[in-house]
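Subject: Structure handover

Hello,

Here is the structure I promised to pass on. My notes follow below it.

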Amino acid sequence: MATSPQADGESGTVFSAETYFATQPPPSSLEQDVARVKEFLQRQLQDGRKVVLVTSGGTTVPLELNVVRFLDNFSAGTRGATSAEYFLKAGYAVIFMHRQFSLQPFSRHYSHSTHPFLDFLEIDESSQSATSASSPRITVRPSEEPQLVEVLSTYKAVHRAGTLLTLNFVTVNDYLWLLRAVSQEMSILGRSCLYYLAAAVSDFFLPRQKMSVHKIQSGKGSLHIEMDQVPKILKPLVAEWTREGFIVSFKLETDPNLLLPKACQALARYGHQVVIGNDLHRRKFEVVFVSPKSSSSSASQPSAYEESWLRIDLNKDPHKEIEEDIVAELVKRHEGWIRNAT
Ligand code: 9Z3
């Protein structure tokens with residue numbers, strides 16, 4: 001049993017997942033979160049619903065125990081929050097595991113930076129509110145009403161149905177512990193569960209044992225920090241924690257030439273069902289699905305993969321969201337996955 005991290009021969013240390021969880025402490029909210037997940041899954045199981053875990057937003061890597069500074073991974077949470085809505089629409093129950101304060105399903109339509117809700121409320125000075133004799137009534141700008149009614153009614157319906165559970169993470173450590181716990185719980189659903197891993201997860205971290213307790217002081221010239229590699233968590237996820245789940249991971253690149261090779265490499269390494277590749281600057285209108293060729297017997301050969309590009313034309317339809325088509329395609333593939341088991 002590997003209980004200590006291995007030096008990788010160059011610099012830093014490579015943690016196996018087992019060593020990671022043996023040496024890094026769980027977040028204090030873990031037990032409570034797991035209890036909520038258990039209760040949620042029992043309900044969905046009784047109702048015969050498929051469940052998707054959507055991870056969303058970027059993870060942080062704190063540099064100090066009393067954290068003042070941290071590294072962050074790029075992600076507003078748009079991909080995850082938007083996809084969660086389309087999964088709900090397709091009849092899935094959704095566990096939405098997201099970076100605290102990143103975009104969330106439904107409220108994302110009224111993000112403080114792109115569509116602040118105070119801007120579409122109006123004060124009607126001529127009327128009195130029903131609750132207070134002295135304060136005037138607040139109304140919604142008529143041009144905003146149709147969208148608000150649609151978003152609000154879906155949001156309320158989802159709450160009534162109890163099909164959305166929201167969990168938070170901040171650090172990469174929170175994320176890893178939570179992902180392990182949730183996937184182990186979800187395995188009771190067998191093939192009816194889908195994993196949609198859209199969170200932007202740091203590849204490097206600073207183990208607790210190497211962290212400065214207090215704020216790192218300036219005044220000594222440049223700052224040198226050596227980080228260790230985050231364990232490749234997809235490996236135990238696929239092989240141990242949830243063997244029957246349909247697993248979709250995302251690969252983000254900025255060099256378009258690397259997108260396909262990296263996506264294929266991920267499939268070869270972990271043996272899961274789909275990698276969705278996206279280029280940082282084209283991600284809103286183009287993604288590529290990479291998956292093992294159905295007839296292939298050798299998943300480690302590059303030719304054993306098939307790619308299919310999904311593109312939308314934002315000039316023709318500026319309101320179209322690519323997540324609608326991504327989710328529709330995955331729902332179809334997941335149905336095939338469930339059918340193939342029988
Ligand atoms: C993604 O590639 C997501 O699609 C984005 C979404 C982060 C680009 P936004 O939230 O952006 O809509 O602003 N997520 C996965 C990123 C990632 O960290 N992948 C790892 C990698 O590429 C493997 S799991 O190595």
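Is phenylalanine 101 buried or exposed? Phenylalanine 101 is exposed, because 10 other C-beta atoms lie within 10 Å. The cut-offs: a residue is buried with 20 or more other C-beta atoms within 10 Å of its own, exposed with 12 or fewer, and partly exposed in between, with C-beta atoms placed from the backbone.

Two notes before the rest. The model is predicted, so local features need pLDDT of at least 70 and side-chain atom pairs count only at pLDDT 80 or more, while totals for chains, interfaces and linings use all residues. Residues are numbered from 1 along each chain as its sequence is written.

**Backbone points**

Phenylalanine 101 has a positive phi of about 75°, although it is not a glycine. Most residues other than glycine have a negative phi. Phenylalanine 101 sits in the loop between β6 (93-99) and β7 (121-128). Helices (H or I, at least four residues) and strands (E, at least two) are DSSP runs, numbered from the N terminus. Phenylalanine 106 lies in the loop between β6 and β7 too. Its phi is also positive, near 70°. Phenylalanine 106 is partly exposed, with 19 other C-beta atoms within 10 Å.

**Domains**

The domain assignment gives domain 1 (1-56 + 65-104 + 161-216 + 224-244) and domain 2 (256-342). Such bounds come from an automatic or database domain assignment. The two centres, taken over C-alpha atoms, are 21 Å apart. In all, 12 residues of domain 1 are in contact with 14 residues of domain 2. Contact means C-beta atoms, placed from the backbone, within 7 Å. On the side of domain 1 that touches domain 2, α3 (78-89) and α6 (234-241) each supply at least two residues. The largest share, five residues, comes from α3. That side of domain 1 has six nonpolar, three polar and three charged residues. Here Ala, Val, Leu, Ile, Met, Phe, Trp, Tyr, Cys and Pro count as nonpolar, Asp, Glu, Lys and Arg as charged, and the others, Gly among them, as polar.

**Core**

The largest nonpolar core has 70 residues, and Val54, Val94 and Ile95 have the most contacts inside it. Helix α5 (residues 172-186) gives the most to this core, with nine residues. Domain 1 and domain 2 each provide at least three residues of this core. A nonpolar core is a set of buried Ala, Val, Leu, Ile, Met, Phe, Trp, Tyr and Cys residues joined through C-beta atoms within 7 Å. Leaving out residues up to four places away in sequence, Val94 touches Val52, Val54, Ala84, Phe87, Leu88, Thr163 and Leu164.

**Helix α8**

Helix α8 (residues 322-340) has 19 residues. From first C-alpha to last it reaches 27 Å, close to the 27 Å expected at 1.5 Å a residue. The expected span is 1.5 Å times one less than the number of residues. Its buried residues are Ile322, Glu323, Ile326, Val327, Leu330 and His334. The face turned away from the buried side carries exposed Lys332, Glu335, Gly336 and Arg339. The buried residues of α8 pack against several elements, including α3, β10 (193-197) and β13 (246-253).

Best wishes

How values were computed. Contact = placed C-beta atoms within 7 Å.
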